Amino acid sequence: MNQQPVDQHEWDLQERALREERDHVPAPTADLVLDQHRAVARALRQAPESGPPADFARSVALCVEQASAPGSQRVEARLPDPRVELWLLRGLALVFAGATLGAVARYGREWFEGVAPLLVVANAGTTANWLLALLACVGVSWSLDWMRVIGTRRR
C-alpha cells in the first residue's frame, strides 16, 4: 500500500477539532478548515436519524398472510429450466474435449518424451502399490455414493 506522509499541521487541526467538539467549545472560529473539521467530528458523534420502520414486522406478516389467503393471486417463483444448464454443460465438455485433442495433437510427442522416464519408475513395486491404493479409495467412494443414490430411490 502506498502511504503518503502525514501532514502534521492537518493532523493537529483534526485533533483540535475533536477536542473542542468533545469539550463543547463555542463553534464559530476564524479558521474555516477547523470549522469544517468540527462539523465532521460533530456528524460522527451523532447517531444516525434513520432506522427501520416501526411496524416492519407487522407489515411483512400482513403481506405473507394476504399472499397465503385462499383466492388470492399468488406470484410463484419461476425456477430456471434445468435443460439449459445441461446443454451448457455438454457444450463445455465438448469444448474441453476439443481443446484436449488439439493439445495432444500439437504437443503429444514432446509430452510423451518428457513423461517416458517417469513411466519406467511407475513399474517399481511401491508405485504400483500406491496406485492400487488410490484406485481402491476411488472405487470405495464411488460405490458408497452409488449405494446412497440407490437407497434414496427406494424410499
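This short talk goes through the salt bridges of the structure shown above.

Before I start, please keep in mind that this is a predicted model, in which local features need pLDDT of at least 70 and side-chain atom pairs count only at pLDDT 80 or more, while totals for chains, interfaces and linings use all residues. Residues are numbered from 1 along each chain as its sequence is written, and side-chain values use heavy atoms, with hydrogens and water left out.

A salt bridge here is a side-chain nitrogen of Lys or Arg within 4 Å of a carboxyl oxygen of Asp or Glu, and by this rule the count comes to seven.

Let me begin with Arg58, whose side chain meets that of Asp55 in a salt bridge at 3.2 Å, N to O. Arg58 counts as exposed at 55%, whereas Asp55, at 37%, is partly exposed.

Next comes Asp81, which pairs with Arg83 in a salt bridge whose closest N and O atoms are 3.0 Å apart. Asp81 is partly exposed at 34%, and Arg83, with 56%, is exposed.

Asp145 is partly exposed, at 37%.

Finally, salt bridges that share partners join Arg16, Glu20, Glu21, Arg38 and Arg42 into one network.

Methods. Buried < 20%, exposed > 50% of the residue type's maximum accessible area, 1.4 Å probe, protein only.
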